[in-house]
Amino acid sequence: MHAVVEVVDAAHRLPLPRPDDVTWVYRHGVSAAASTRLVAALARLDLPGEPGVAYVAGEARTCQLARRHLLRERGWPRASVLVHAFWSAGSRPS
């Protein structure tokens, strides 16, 4: 298992059950929208040649970038990349 989690800074880290499998990315005040930091960390992961399943959740544009990376750069099939974009920068919750 691999996980890439982006947060504001180290104080915002979540207590996760397998912390050794997590790559933490810190924004340090930079917007979470369309985060190139998260995608860069994803690109550095040593993923297996045969894809498993990727679950991508977060800000809509960042999710699109991560999905695009997995499909185009890594050659993963669409069915292996599950996306849940649950918020979008600049939009109001309904």
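Arg27 is a buried residue, with a relative accessible area of 15%, where buried stands for under 20% relative accessible area, exposed for over 50% and partly exposed for what lies in between, computed with a 1.4 Å probe and with protein chains only. This is a predicted model, in which local features need pLDDT of at least 70 and side-chain atom pairs count only at pLDDT 80 or more, while totals for chains, interfaces and linings use all residues. Residues are numbered from 1 along each chain as its sequence is written, and side-chain values use heavy atoms, with hydrogens and water left out.

What does the side chain of Arg27 meet in a salt bridge? The partner is Glu6, at 3.3 Å from N to O, a salt bridge being a side-chain nitrogen of Lys or Arg within 4 Å of a carboxyl oxygen of Asp or Glu. The pair links distant parts of the chain, since Glu6 belongs to strand 1 (residues 3–7) and Arg27 to the loop between strand 2 (22–26) and helix 1 (36–44), 21 residues apart; helices (H or I, at least four residues) and strands (E, at least two) are DSSP runs numbered from the N terminus. Glu6 is buried as well, with a relative accessible area of 15%. Side chains of opposite charge can pair when their charged atoms come close.

By this rule the count of salt bridges comes to three. One of them joins Asp21 to Arg18, with the closest N and O atoms 2.7 Å apart; here Asp21 is partly exposed at 23% relative accessibility, and Arg18 is partly exposed at 45%. In another, the side chains of Glu59 and Arg61 meet at 3.5 Å, N to O, and this pair sets a buried Glu59, with a relative accessible area of 3%, against a partly exposed Arg61, with 38%.

Strand 3 (residues 54–59) also holds Ala57, which counts as partly exposed at 42% relative accessibility. Leaving aside neighbours within four places in sequence, Ala57 is in contact (heavy atoms within 4.5 Å) with Cys63, His84 and Phe86. Seen from Phe86, which counts as exposed at 53% relative accessibility, the contacts beyond four places in sequence are Ala57 and Gly58. The C-alpha atoms of Ala57 and Val5, which are 52 residues apart along the chain, are separated by 9.7 Å.

For the protein as a whole, the secondary structure comes to two helices and four strands, running β-β-α-β-α-β from the N terminus on. The radius of gyration, taken over C-alpha atoms, is 13 Å, close to the 12 Å that the globule rule gives for 94 residues, so the protein is as compact as a globular protein of that length; the rule itself is 2.2 Å times the number of residues to the power 0.38. Buried residues make up 33% of the 94 residues, and among contacts between residues at least 6 apart in sequence, 53% join residues at least 24 apart.
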